[in-house]
Amino acid sequence: MGQCGITSSKTVLVFLNLIFWAAAGILCYIGAYVFITYDDYDHFFEDVYTLIPAVIIIAVGTLLFIIGLIGCCATIRESSCGLATFAAILLLVFVTECVVVVLGYIYRAKVEDEVNHTIQKVYNKYNGTNTDAPSRAIDYVQRQLHCCGIHNYSDWRNTRWFKESKNNSVPVSCCQPSVTNCTGSLTRPADLYQEGCEALVVKKLKEIMMYVIWAALTFASIQMLGMLCACVVLCRRSHDPAYELLVTTNSYA
């Protein structure tokens, strides 16, 4: 019965190590996705610390690959030291992912204030040229999120670009794709996106942060199971004579 229980724990542990390798790739992908997506919206927030959870996720993903290698070697070689190291590193990563969850919720709550604070500045810097970074950012956001202006298209009336252009129109990035020959003229408001960008940018950034939070929670749960299995194998190896005899026999064989 003891050997059966140990074998089951070891099987689960090996399976979990394979999951850790898969998790390493998934976490690195999520971290990279957050970086790339935030890069498209970086003009709308000034707090670079918002990316800390993504940095930690990538670091954890890299560490998980090493953990999986250590865990597999320790399980196959029946190494108490290796299993203990494996469990200790898992505990460290588990704590780190709990920190990621906390930071994720903190920065998720700060996103709205950040966007509210900076979006007016970005719109005031718009000059309508592709060489200008704020202009490219605004055009990208309006096309991708199907929005126009901060709260609605009428907000463009208060921008420096609108006052200098004097053509009573908004950028063509405000035009709905289903409308042909749209010039952004305010005389045809039905051609334009009706929703403002501020709320949609906040929603998008919060969604991205939730990906990080859910990924950290999911893999923290898996690591908890990995720690449990490693501890079961270690404890039974220490207290089960049948297991010691099995290991000795296998070693001489």
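**Contacts, core and surface**

Modeller: In this predicted model, Leu-205 touches Tyr-38, Tyr-41, Phe-45, Val-111 and Val-115, leaving aside residues up to four places away in sequence.

Biologist: Which residues have the most contacts inside the largest nonpolar core?

Modeller: They are Tyr-38, Phe-44, Leu-64, Trp-156 and Leu-205, in a core of 65 residues. Two or more residues are given to this core by each of α1, α2 (52-76), α3 (80-124), α4 (133-145), α5 (160-165) and α6 (197-239). The largest share, 16 residues, comes from α6.

Biologist: Why is Ile-36 called exposed?

Modeller: Its relative accessible area is 58%, and exposed means over 50%; therefore Ile-36 is classed as exposed. Ile-36 is located in helix α1 (residues 2-40). Together with Phe-35 and Val-55, Ile-36 forms a nonpolar surface patch with about 270 Å² of accessible area.

Biologist: How do you know that the span of α4 is close to the expected one?

Modeller: Helix α4 has 13 residues and reaches 18 Å from its first C-alpha to its last, and the span expected at 1.5 Å a residue is 18 Å.

Biologist: Which residues of α4 are buried?

Modeller: Among them are Pro-134, Ala-137, Ile-138, Val-141 and Leu-145. Buried means under 20% relative accessible area, so each of these residues falls below that limit. After α4 comes His-146, with a positive phi near 55°.

Conventions
Residues are numbered from 1 along each chain as its sequence is written. This is a predicted model: local features need pLDDT of at least 70, side-chain atom pairs count only at pLDDT 80 or more; totals for chains, interfaces and linings use all residues. Side-chain values use heavy atoms; hydrogens and water are left out. Patches are made of residues with over 30% relative accessible area and no salt bridge: like charges are joined within 9 Å, nonpolar side chains (Val, Leu, Ile, Met, Phe, Trp, Tyr) within 5 Å. Accessible areas come from the Shrake-Rupley method with a 1.4 Å probe; for residues, only the protein chains shown count as cover. A salt bridge is a side-chain nitrogen of Lys or Arg within 4 Å of a carboxyl oxygen of Asp or Glu. Helices (H or I, at least four residues) and strands (E, at least two) are DSSP runs, numbered from the N terminus. Buried means under 20% relative accessible area, exposed over 50%, partly exposed in between (1.4 Å probe, protein chains only). A nonpolar core is a set of buried Ala, Val, Leu, Ile, Met, Phe, Trp, Tyr and Cys residues joined through side-chain atoms within 4.5 Å. Contact means heavy atoms within 4.5 Å. The expected span of a helix is 1.5 Å times one less than its number of residues.
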